[in-house]
Structures are given as structure tokens and as C-alpha cells.
Amino acid sequence: MLALEPPVTQRAVFDALEGRYPVLCGAIRDHATRRRRPFVRFFACGEDHSHDSPDAPLPDAVASGAEPLLVVGAMAGG
Amino acid sequence: MSGVRVLVGTRKGAFVLTSDGRRSRWDVSGPHFAGWEIYHVKGSPADPDRLYASQSSGWFGQQIQRSSDGGRTWEPVGNKFVYEGVPGTHQWYDGTPRPWEFKRVWHLEPSPKDPDAVYAGVEDASLFRTADGGKTWQELPGLRGHGSGSRWQPGAGGMCLHTILLHPTDPGRIFIAISAAGAFRTDDGGGTWKPINRGLVSAQIPDPKAEVGHCVHRVAMHRSRPDVLFMQKHWDVMRSDDAGESWREVSGNLPTDFGFVIDVHAHEPETLYVVPIKSDSEHFPPDGKLRVYRSRTGGNEWEALTNGLPQRDCYVNVLRDAMAVDALDACGIYFGTTGGQVYASADAGDTWAPIVRDLPAVLSVEVQTLS
């Protein structure tokens with residue numbers, strides 16, 4: 001659980017997550033571009049948020065902690 | 001009592017194989033980092049318990065793992081490989097400009113003197129270095145930016161810097177090789193570089209004798225003769241006696257001169273090993289027979305080594321970083337296959353036996369000689 005001030009966005013979430021767990025740097029977002037890695041997907045409240053802007057507010061339920069933001073490796077085989 | 005530690009990188013994890021000096025009974029540890037592609041694992045000559053591993057996946061990218069106890073335990077260190085400045089473009093397979101983009105670390109080369117200093121060869125091709133045990137990595141931009149970089153193209157496996165040879169006594173001299181750009185040398189520790197491909201002939205590229213653009217698969221050197229280099233190219237086994245200023249072909253009587261690995265006997269600088277592969281479109285041994293070829297004359301005259309290796313129905317490949325030698329007497333030779341076998345010879349190649357048979361596809365093999 002991360003405690004964040006609004007607006008709660010993808011960027012804010014991952015900045016905080018990587019700050020707490022530096023080993024995740026580069027594993028969810030590309031180091032250079034700071035964009036979502038291509039084979040990683042973001043889901044919340046039953047919706048795919050992978051292609052949302054990193055600065056778009058996440059659903060209220062995620063911001064309040066009622067629902068998680070899921071970071072899932074794509075089912076791309078191999 | 002002396003012993004050996006064989007470090008194996010595979011498509012689904014790393015394995016550490018250990019034995020005493022007899023090299024007949026082996027302990028197998030792993031998989032470490034199960035499920036991840038381990039492109040390379042190598043130990044520091046300055047501290048044999050210090051190991052580094054390149055761990056990557058298409059999903060979660062690159063990690064560098066470090067062990068300080070010979071591979072029993074590991075910790076992630078720095079994984080930030082960012083090109084210096086504006087990376088620019090190289091060529092894509094179709095000749096169009098393609099931005100430089102980091103994909104993975106192909107090869108780690110620890111310094112012989114400092115366990116915290118390591119070079120990393122990466123895809124898209126460039127050279128990085130750490131001086132703090134892997135926590136941070138800095139590009140040596142002189143290679144990518146020396147002038148020919150915009151003309152480099154990837155080989156089928158990607159545009160990878162796969163070979164790093166550190167001169168044993170001159171810290172300024174480093175040889176590297178890139179698929180499919182060729183071989184390069186620095187004499188000032190990586191500040192400036194020059195292509196060293198004169199004498200290479202590659203029929204598949206528009207100018208077969210071009211300054212850059214050759215698909216070099218692997219380069220090997222014996223530390224007692226650092227000006228003598230041996231190369232397995234995309235076709236042709238080559239030799240240089242002048243630190244890469246010129247090359248000549250030494251394929252000789254090989255059944256095919258396509259292949260990936262090449263290595264040098266630890267105590268005999270003119271004794272070489274290759275594994276001939278049928279062709280660039282058929283990456284398996286000719287006639288279904290897995291044969292290592294040895295030359296005791298620095299090339300040209302080769303003999304097949306087959307005792308203990310499968311001589312029928314064998315269609316595995318041996319990838320470019322998947323052969324190594326130990327420094328025991330007699331010299332031990334090791335190689336891993338895409339079929340998951342790791343073969344070892346404790347008598348310089350006269351006889352072979354599998355250490356393990358059923359690993360995931362082997363990407364790399366290194367060996368440490370332990371006293």
C-alpha cells in the first residue's frame with residue numbers, strides 16, 4: 001500500500017514504488033523513456049489502463065485504496 | 001585441492017557446476033533466477049568468489065546480479081544502462097535508420113585486477129563499465145560515436161557487443177566485437193576506437209571487404225600472446241598476428257567454416273577449438289554429428305574430436321559465448337548446447353562426457369579454475 005497525495009497517477013504510483021523498491025527501476029518502466037515496458041500491462045477496476053497517459057488520474061477506487069492497480073506481465077508466450 | 005566452477009547461462013536460469021581437479025563428478029546448483037534468460041555469468045579473476053550475471057526478460061528487462069560467495073547467494077545491483085547524450089541511429093535490417101535502444105547485456109567482462117570493475121557489452125551495441133561492483137554503469141561513448149556507428153546493422157540475433165578482450169598487461173588496450181559491425185580496438189581505455197576488419201571478406205554484404213559490416217561471431221586470445229587473435233566469423237575462421245591490423249583465413253580443412261564459438265587452449269597458444277555448424281540457415285552440426293575441431297597449428301590443420309560426443313541425430317547449436325577452457329593440467333574444455341547439454345573434456349578434447357544433459361538451452365559457458 002502506498003500513501004500518495006492527489007492526483008494519483010501512474011507516474012506518481014511508480015515513482016513512489018520505485019523509490020521504496022529500487023530494484024523495480026527499469027522493470028516496469030523503461031529507464032530512458034520512463035514509459036511502460038511493452039510487455040507489461042496495467043489493469044484497475046476491470047479496465048485496461050495500459051495505454052492511458054502516465055499523468056491521467058487513476059480511478060477513484062485506486063486512489064482511495066479500495067482497489068489495486070495491477071501490474072501484469074503480458075501473456076506473450078516464450 | 002584444485003577444482004573448477006563452471007558458470008552456465010541458459011534461457012531459463014543460471015546453473016553453477018562444480019568439481020574437483022579430476023573433473024569427473026559434478027555438483028549442480030540451480031536454476032538461479034529461474035525463468036529468466038541468463039545471457040552471461042562470469043567470475044572476477046581478482047576475486048573468484050565475486051560473480052556477475054546478466055539476467056533479462058522481454059517482460060521486465062535487464063537485471064545485473066552479483067554474488068560474493070561463488071554463486072551460492074546473489075543480490076541485484078544496478079540495471080540502468082543509458083546511452084550518453086543523444087544516441088542517434090544505426091541501420092535496421094532494411095537499411096533504414098533505427099534509433100539506438102538498449103535491449104540487454106550480452107557479455108560481462110570483469111577486470112583482472114579489481115573485483116568491482118566490470119565491462120558490459122550490450123545490445124544495441126555499446127560498451128559500458130562499472131567501477132562500483134555493478135551499482136552504476138557508464139557508457140564508453142567513444143565506440144558508438146567513433147564515426148561508423150550509423151552504418152552498423154544488426155545480425156539475426158540483434159546488434160550485440162558480444163566479445164570483450166582485455167589486454168593482460170596494457171590497460172588501455174581492449175578488443176571488442178559486434179554482430180554485425182565487426183571487430184574494434186581501443187588503445188586508450190575506450191576513449192577512441194578503430195575498426196580492425198582489414199582482411200575480412202563477407203560475400204553477403206554489398207562491399208565484401210568493407211571497413212565495417214562484418215558479422216563477427218567471436219574472437220579469442222591467449223594471454224601470453226595478446227597480439228594474436230582468432231576469430232570465428234559468419235563463415236570463415238580467421239587469424240591476426242598484429243592485434244587486428246590484418247586478418248587471414250585459417251579455415252583449412254574444416255568440414256564447414258560456419259560456427260559461433262572459438263577458444264584457445266590455456267597452455268598452448270597455437271591450439272584452437274571450434275564447433276563447425278552446417279550453414280547460416282541450418283544452425284546444427286553437419287551430418288547430425290556433434291564434433292569439436294582442434295588445431296594444434298594455429299589454424300589451417302584441424303582434427304575432429306568426437307569421443308564421447310553424439311555422432312548421429314544431433315541437431316543442436318553451440319552459441320557464441322558457450323565455450324570455455326580451464327587452466328588445469330591437462331586443460332579442460334567445456335561447451336554448452338541449445339539442446340541443454342554441457343559437455344566437458346578433462347584432457348584437452350581427446351574425450352568428452354556430458355556434465356548435464358537436460359538444462360534449458362545454453363546461452364553461455366564460463367569456467368573458473370579454483371585453487
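Trainee: In chain B, 4 strands form an open sheet in the order 4-5-6-7. Which are its edge strands?
Mentor: This is a predicted model, in which local features need pLDDT of at least 70 and side-chain atom pairs count only at pLDDT 80 or more, while totals for chains, interfaces and linings use all residues. Residues are numbered from 1 along each chain as its sequence is written, and chains are lettered from A and ligands numbered from 1 in the order in which they are written. The pairing in the sheet is antiparallel; two strands pair if DSSP finds at least two bridges between them, and helices (H or I, at least four residues) and strands (E, at least two) are DSSP runs numbered from the N terminus. Pairing on one side only marks the edge strands of chain B, which are strand 4 (37–44) and strand 7 (75–76).

Trainee: Which residue is the bridge partner of Glu37(B) in strand 5 of chain B?
Mentor: Strand 4 and strand 5 (residues 47–57) of chain B run antiparallel and are joined by 7 bridges. Glu37(B) has its bridge partner in strand 5 of chain B, and that partner is Ser56(B).

Trainee: In the open sheet 18-19-20-21 of chain B, which strands have one side left without a neighbour?
Mentor: The 4 strands of this sheet pair in the antiparallel sense. Two strands of chain B stand at the edges with a single partner strand each, so one side of each lacks a neighbour in the sheet: strand 18 (216–222) and strand 21 (248–249).

Trainee: Is Asp236(B) buried or exposed?
Mentor: Strand 19 (residues 225–233) and strand 20 (residues 237–240) of chain B are joined by 4 bridges, and Asp236(B) lies in the loop between strand 19 and strand 20. Its phi is positive, about 85°, although Asp236(B) is not a glycine. Most residues other than glycine have a negative phi, and most peptide bonds are trans. A residue is buried if 20 or more other C-beta atoms, placed from the backbone, lie within 10 Å of its own, exposed if 12 or fewer, and partly exposed in between; with 23 other C-beta atoms within 10 Å, Asp236(B) is buried.

Trainee: How many other C-beta atoms lie within 10 Å of Phe33(B)?
Mentor: Phe33(B) lies in the loop between strand 3 (27–32) and strand 4 of chain B. Phi of Phe33(B) is near 55°, a positive value in a residue other than glycine. Phe33(B) counts as buried because the number of other C-beta atoms within 10 Å is 22.

Trainee: Why is strand 1 of chain B largely enclosed by the rest of the structure?
Mentor: Strand 1 (residues 3–10) of chain B pairs in the antiparallel sense with strand 30 (residues 362–370) over 8 bridges, and Leu7(B) has Glu366(B) as its bridge partner in strand 30. Strand 1 also pairs in the antiparallel sense with strand 2 (residues 13–20) of chain B over 8 bridges, and a hairpin through 2 residues joins strand 1 to strand 2. Strand 1 is largely enclosed because, of its 8 residues, the number buried is 7.

Trainee: What is the radius of gyration of chain B?
Mentor: Chain B has 1 helix and 30 strands, and its C-alpha trace spans about 50 × 45 × 40 Å along the principal axes. Of its 371 residues, 53% count as buried. The radius of gyration is taken over C-alpha atoms, and the globule rule is 2.2 Å times the number of residues to the power 0.38. A compact globule with 371 residues would have a radius of gyration near 21 Å, which agrees with the value for chain B, 19 Å.

Trainee: Which strand of chain A do the buried residues of helix 1 of chain A pack against?
Mentor: In helix 1 (residues 10–20) of chain A, Gln10(A), Val13(A) and Phe14(A) are buried. Seen down the axis, the buried residues fall within an arc of 90°, so they line one face of the helix; the arc is that of the directions from the helix axis to the C-beta atoms. The face turned away from the buried side carries the exposed residues Gly19(A) and Arg20(A). The buried residues of helix 1 pack against strand 1 (40–44) of chain A.

Trainee: Which residues does the cis peptide bond with omega about 10° join?
Mentor: In chain A, a cis peptide bond with omega about 0° joins Pro6(A) and Pro7(A), and Pro7(A) is found in the segment before helix 1. In chain B, Ala330(B) has its place in the loop between strand 26 (323–325) and strand 27 (333–336). The cis peptide bond with omega about 10° joins Asp329(B) and Ala330(B).

Note on methods
Two residues are in contact if their C-beta atoms, placed from the backbone, lie within 7 Å.
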